[in-house]
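Colleague: Could you walk me through a few features of this model and how to read them?
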Amino acid sequence: MTTDCSRELDNSLEILKGRFDLGKSEQRGNPAQLVLLAEHAAKVKSLDVAAECIHLYFKLDPPLNQFHCRALFCKALFTCPSSCRDAEKLIEATNYLLKAINIAKKSKIYHFLVFNASVYMWQLVRPYQCAGHRQIVARPLANVVKALDEIGEQDYKWRLELMMSLIHCYLDAGQKEDATRVSSSAISLAKKHCPDKIPDIFKLQLSYHLGDTKQLEKMAKLSDLFLSIYKVFKIKSDVRKQLAATGHISQSELAEKMRKVLDVLTGVAPSTQST
């Protein structure tokens, strides 16, 4: 950021401070101006100015409108942790986004802010998408998934991506029942709007045994592609079971298993599509 730009931001902030003198009963400006300046300052990495704008904004007891939500987005940005070890700051930052979501989802004209919040939330939780850390972000991610469903968000692929991440978060937290529930909802959503995402979700269900065996078998019968996926995972499961029981598997047995996998894969026509 140039010196001139920094000076302009400082001058703008001083002007707004004069308009919103808390010691006076009458204010001479729109609080939204503070949020707009904060957003601009944040873009040019002048976080001190941005933070001061937002601090003053909330002192004015602003109305619960889109600028209130955008100010909460800014607070989440300022609170964003610099390390995955700082779980407290992460939770604080996600709470600001959840507050914004609760405001925005109540009015249809603000529903776009729920989607925006989901993007900001993903930016916050993405560094935590690894074993041992996913469980930390299960609750805020679950709230985002729920909110997008409540407003009927039509970017279904985005919703499914978040749902699949949430499944991993629940598994990391040892909440298999919740992971199973979300996977079932994801399958239902994908069937209606994004059939190309069904194989990815089905693989997750098979990998972690999410759902009743009969339900998974029924799912496998929907298409040749799903049946091949099911058969391959069953072969892999058999190998794992044998290794767990005996501690080893002979090369001839492994070769036979691999042959079965190849037979399954080559038996599916390239043009096969999920339904």
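Modeller: Gladly, and keep in mind that this is a predicted model. Let's begin with the pocket: 17 residues line the largest one, and those nearest its centre are Ala-42, Phe-73, Leu-77, Tyr-120 and Gln-123.

Colleague: How does one find such a space, and what is the volume of the largest pocket?

Modeller: The general idea is that rolling a probe the size of a water molecule over the atoms shows where empty space is left. Here, the largest pocket comes to a volume of about 560 Å³.

Colleague: Helix 6 makes me curious about His-111. Where does His-111 lie, and is His-111 buried or exposed?

Modeller: His-111 belongs to helix 6, which spans residues 111-125. Its relative accessibility is 18%, so His-111 counts as buried, the cut-off being under 20%. The side chain of His-111 also reaches the backbone oxygen of Lys-105, at 3.1 Å. If you set aside neighbours within four places in sequence, His-111 is in contact with Ala-104, Lys-105 and Ile-151.

Colleague: Now the aromatic residues. How many aromatic pairs does a search of the whole structure find?

Modeller: The search finds four. Take Tyr-57 and Phe-58: their ring centres are 5.3 Å apart and their planes meet at 80 degrees, so this pair is edge-to-face. The angle decides the label, since planes over 60 degrees apart count as edge-to-face.

Colleague: And how accessible are Tyr-57 and Phe-58?

Modeller: Tyr-57 has 1% relative accessibility and therefore counts as buried, while Phe-58, at 24%, counts as partly exposed.

Colleague: What about His-209: what is its phi, and where does His-209 lie?

Modeller: His-209 is not a glycine either, yet its phi is positive, at about 55 degrees. You will find His-209 in the loop between helix 10 (198-208) and helix 11 (213-220).

Methods
Residues numbered from 1 in each chain as written. Predicted model: local features only at pLDDT ≥ 70, side-chain atom pairs only at ≥ 80, totals over all residues. Heavy atoms only, no water. Phe/Tyr/Trp six-rings, centres within 6.5 Å; stacked < 30°, edge-to-face > 60°. Buried < 20%, exposed > 50% of the residue type's maximum accessible area, 1.4 Å probe, protein only. Helix = DSSP H or I, 4+ residues; strand = E, 2+ residues; numbered from the N terminus. Polar contact = N/O pair within 3.5 Å; in protein donor to acceptor, adjacent residues only side chain to side chain. Contact = heavy atoms within 4.5 Å. 1 Å grid on protein atoms, 1.4 Å probe; cavity = no way out; pocket = protein on both sides within 12 Å on 5 of 7 lines; lining within 4 Å. Points joined across faces, edges and corners; volume = space filled by probe spheres on them.
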